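Okay, thanks for making time, everyone.

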Number of protein chains: 4
Amino acid sequence: MKFPVLILNFKAYAEAAGRRAVEIAKAAERVAKELGVNIAVAPNHLELALVAQSVEIPVYAQGVDVESPGAHTAHVALGNLKEAGAAGVILNHSEAPLRLNELARYVGRARELGLDVVVCAPDPTTSLAAAALGPHAVAVEPPELIGTGRAVSKYKPETVVKTVQLVGKHFPDVAVITGAGIESGEDVEAALRLGTRGVLLASAAVKAKDHYQKIMELAKPLLK
Amino acid sequence: MKFPVLILNFKAYAEAAGRRAVEIAKAAERVAKELGVNIAVAPNHLELALVAQSVEIPVYAQGVDVESPGAHTAHVALGNLKEAGAAGVILNHSEAPLRLNELARYVGRARELGLDVVVCAPDPTTSLAAAALGPHAVAVEPPELIGTGRAVSKYKPETVVKTVQLVGKHFPDVAVITGAGIESGEDVEAALRLGTRGVLLASAAVKAKDHYQKIMELAKPLLK
Amino acid sequence: MKFPVLILNFKAYAEAAGRRAVEIAKAAERVAKELGVNIAVAPNHLELALVAQSVEIPVYAQGVDVESPGAHTAHVALGNLKEAGAAGVILNHSEAPLRLNELARYVGRARELGLDVVVCAPDPTTSLAAAALGPHAVAVEPPELIGTGRAVSKYKPETVVKTVQLVGKHFPDVAVITGAGIESGEDVEAALRLGTRGVLLASAAVKAKDHYQKIMELAKPLLK
Amino acid sequence: MKFPVLILNFKAYAEAAGRRAVEIAKAAERVAKELGVNIAVAPNHLELALVAQSVEIPVYAQGVDVESPGAHTAHVALGNLKEAGAAGVILNHSEAPLRLNELARYVGRARELGLDVVVCAPDPTTSLAAAALGPHAVAVEPPELIGTGRAVSKYKPETVVKTVQLVGKHFPDVAVITGAGIESGEDVEAALRLGTRGVLLASAAVKAKDHYQKIMELAKPLLK
């Protein structure tokens with residue numbers, strides 16, 4: 001997994017459904033190529049394979065439901081992600097929280113499969129536990145700020161700093177990124193200044209009038 | 001929704017992951033066109049949009065996780081299915097059982113959206129409850145036969161017959177289809193003879209060496 | 001199961017925790033004996049056996065987690081309810097919604113065990129589906145009114161009436177009771193006038209300053 | 001929390017339902033007093049308050065469903081445990097796995113409430129993550145051995161030793177205990193020799209013909 005990184009989560013937003021998922025992913029790809037920075041997109045499950053065959057930047061799954069392929073109607077299997085075109089997976093997003101024991105298995109298996117692995121957590125202590133499982137990155141995201149437009153890097157900088165310290169002390173191989181309420185390039189810059197190695201965001205990019213322009217603003221701080 | 005119908009569920013089988021989902025769907029499309037019969041395919045979430053833009057036969061979602069689009073990371077929203085290209089949805093498969101109250105809401109909303117709605121249930125009594133919710137079809141599938149190769153139409157014909165009677169008595173507008181263990185054209189024929197209006201199946205088609213040939217065999221009884 | 005009935009749900013209220021569960025149950029027992037009416041209490045799981053050995057009126061479980069006794073840490077098994085002293089069970093409360101297929105199995109098994117079975121549902125259509133499963137009673141409770149003090153019998157009488165009609169038409173052996181927002185004897189009376197055969201309520205009794213007095217008020221309309 | 005400790009989990013075994021829960025707890029109490037060792041019992045939710053008022057040894061809840069008391073029908077609230085008589089809580093048993101984020105909140109809240117907190121985990125890495133959350137003890141239990149009679153201390157000693165090392169290195173304040181397949185005093189002794197500070201077990205005690213005698217055998221190694 002390459003850092004610093006900007007990860008764009010499309011969630012289940014109507015604004016990123018169907019063909020619009022491909023359009024937003026292509027805008028992200030254009031910015032990534034123009035700036036030479038790392039941007040990954042995480043479309044909804046429904047459009048994952050479609051987006052993956054449409055762009056060259058990394059495509060991440062927003063999560064998984066089971067570990068192994070098989071007779072699992074309506075479930076997304078970790079073991080099928082690469083076949084569908086995914087290069088990574090986000091696990092334990094606060095909107096799709098996982099049981100600790102499953103999470104531990106998924107992290108181990110995803111790394112074996114060669115996927116980038118990002119585990120979300122709501123606070124420093126939980127981030128430390130997540131880091132103990134050995135993902136590439138932990139994304140600390142206070143749930144109360146998600147979707148609010150009040151950036152974690154401005155409104156809860158101490159949460160970010162403490163996570164960077166705790167994880168850095170015990171599990172220095174695990175990168176810390178952050179998210180929640182990130183709306184502007186300035187918010188991204190603040191997050192990086194706090195010691196993180198990237199940002200995970202959703203609505204600011206997905207709901208932007210001009211996706212290319214907004215993603216460009218958000219990605220520029222990665223250059224510094 | 002058109003009957004009689006053959007619905008092919010790809011589950012999360014590795015044999016139907018990535019590009020293979022498109023290949024199986026195209027084989028089904030070829031059979032549907034050649035025979036002039038109704039075949040729907042239900043790819044895994046990961047390939048839904050990709051399959052939907054690749055074939056003209058109805059594409060069904062294997063299930064959904066939430067009703068409305070929005071900030072639902074790693075969840076599939078009913079409200080995004082049409083945008084992704086789906087024409088219908090399978091709900092309450094025994095591998096993805098739904099809470100009664102959610103199921104009731106999903107059935108109502110899916111019909112408003114113009115989607116075909118199939119609700120699975122394990123036995124006659126539960127099928128009756130499912131039919132009370134007003135889907136287009138109820139698929140009675142004894143879970144103990146799913147994936148066994150022992151066809152419900154041969155090994156539990158009384159389950160099918162009782163479901164057809166119960167649902168027909170109380171909710172005659174709801175079609176009864178069936179599934180579980182269906183492996184051959186003969187099994188499909190037996191299911192139709194018991195009074196059902198279609199068959200839901202998975203492994204027999206997905207794991208066939210020659211998808212076209214197997215689906216042709218399975219679909220032919222629909223002509224009679 | 002005897003009708004008309006008043007069922008008092010203690011939920012996980014702090015006001016009904018520990019010894020207070022026994023006190024409220026004893027107040028209900030006193031009213032039941034004085035008036036000669038049917039009152040059942042549904043204490044939290046933690047106090048079920050304790051309450052059951054303290055009173056003679058029927059004690060209902062608020063729900064169950066699994067069907068059979070066994071190696072199910074932190075789960076309540078339907079098969080252990082009678083041993084713990086329960087005479088009935090409430091299933092599918094909107095705060096503990098059950099999967100349709102489980103609910104169907106639990107209803108059947110609970111009746112075999114000789115337990116009173118009440119299934120909750122949020123609206124007429126879902127109540128009809130619940131009734132199809134064959135419980136003693138269906139309790140229609142619009143979730144948006146639960147805990148509000150705005151009684152279903154006053155604010156949504158048409159929901160109650162439609163449920164009584166639908167269930168009565170298809171499954172006349174299933175009694176319809178109701179709940180949500182019931183605060184006073186007047187609310188109970190209104191519910192019975194709409195054709196129901198009982199009321200399920202929680203906070204009005206549990207949070208009352210004087211449990212005996214409040215339960216007396218709520219139970220009196222059962223006499224008429 | 002006092003160590004070394006023997007924790008007896010009654011699960012949802014029929015053998016420990018109703019009055020039998022009190023009998024087994026009393027046998028454990030007798031052994032604890034006679035030997036002067038630490039034994040805690042974890043009855044099913046249904047009998048928790050009843051057992052707690054019947055014995056003086058610590059009574060643990062087998063788990064919880066929500067954090068705060070309130071309108072949570074059929075859920076056990078952490079905040080009501082003390083009122084019901086519990087002195088501690090077992091979290092994340094493999095039969096009742098918890099989401100990482102919930103688990104983190106529950107551990108923190110349970111400690112604030114003055115409860116003993118034991119978090120189960122299936123392997124060394126997951127145990128490390130569990131220890132990061134700050135419970136009194138982590139119980140490493142390979143799920144494939146639970147209920148088999150093949151003791152973890154004999155069949156997977158390396159799992160126990162690695163957990164003791166990993167947790168001891170990063171979080172030395174957290175005790176490591178173990179469980180799974182423990183059947184005899186010899187198994188308990190082996191577990192303690194591997195560096196653990198206690199044992200969590202279920203069927204060996206619950207299903208014993210003579211509870212007192214079996215618990216005596218299992219507890220004696222704690223004396224050394």
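Let's start with the pair B and A. Chain B puts 35 residues into the contact, and chain A puts in 35 residues as well. Just keep in mind that this is a predicted model.

So how much area do chain B and chain A bury between them? About 3000 Å², with 59% of that on carbon and sulfur atoms. On the chain B side, the residues that lose the most area to chain A are Leu46(B), Thr73(B) and Ala74(B), and together they make up 24% of what that side buries.

The rule picks out 2 salt bridges across the interface of chain B and chain A. One of them is between the side chains of Arg20(B) and Glu83(A), at 3.3 Å from N to O.

Which elements of chain B give two or more residues to the side that touches chain A? That would be helix 1 (19-35), helix 2 (48-52) and helix 3 (81-84) of chain B. And if you sort that side of chain B by class, you get 16 nonpolar, 13 polar and 6 charged residues.

Okay, on to symmetry. Take chain A and chain D: a rotation of 180°, with 0.0 Å of shift along its axis, superposes chain A on chain D, and the RMSD is 0.0 Å. The two copies are therefore related as by a two-fold rotation axis. If you want to find that axis on screen, go to Arg99(A): its C-alpha is the nearest one in chain A, 1.8 Å from the axis. The same surface serves both copies, too, since 100% of the contact residues of chain A recur in chain D.

What about the pairs that don't meet? Chain A and chain C do not touch, and their nearest C-alpha atoms are 15 Å apart. Likewise, no contact joins chain B and chain D, where the closest C-alpha atoms lie 15 Å apart.

Last stop, one residue inside chain A: Thr163(A), which sits in helix 7 (residues 157-170). Is Thr163(A) buried or exposed? Its relative accessible area is 0%, so Thr163(A) is buried. As for what surrounds it, leaving out residues up to four places away in sequence, Thr163(A) touches Asp123(A), Pro124(A), Ser127(A), Val140(A), Gly168(A) and Val176(A).

That's my tour, over to you.

Notes
Residues are numbered from 1 along each chain as its sequence is written. Chains are lettered from A and ligands numbered from 1 in the order in which they are written. This is a predicted model: local features need pLDDT of at least 70, side-chain atom pairs count only at pLDDT 80 or more; totals for chains, interfaces and linings use all residues. Side-chain values use heavy atoms; hydrogens and water are left out. Contact means heavy atoms within 4.5 Å. Buried area is the accessible area (1.4 Å probe) that two parts lose on being put together, summed over both. A salt bridge is a side-chain nitrogen of Lys or Arg within 4 Å of a carboxyl oxygen of Asp or Glu. Helices (H or I, at least four residues) and strands (E, at least two) are DSSP runs, numbered from the N terminus. Ala, Val, Leu, Ile, Met, Phe, Trp, Tyr, Cys and Pro count as nonpolar, Asp, Glu, Lys and Arg as charged, and the others, Gly among them, as polar. Copies are superposed by least squares on the C-alpha atoms of residues with pLDDT of at least 70 in both. Buried means under 20% relative accessible area, exposed over 50%, partly exposed in between (1.4 Å probe, protein chains only).
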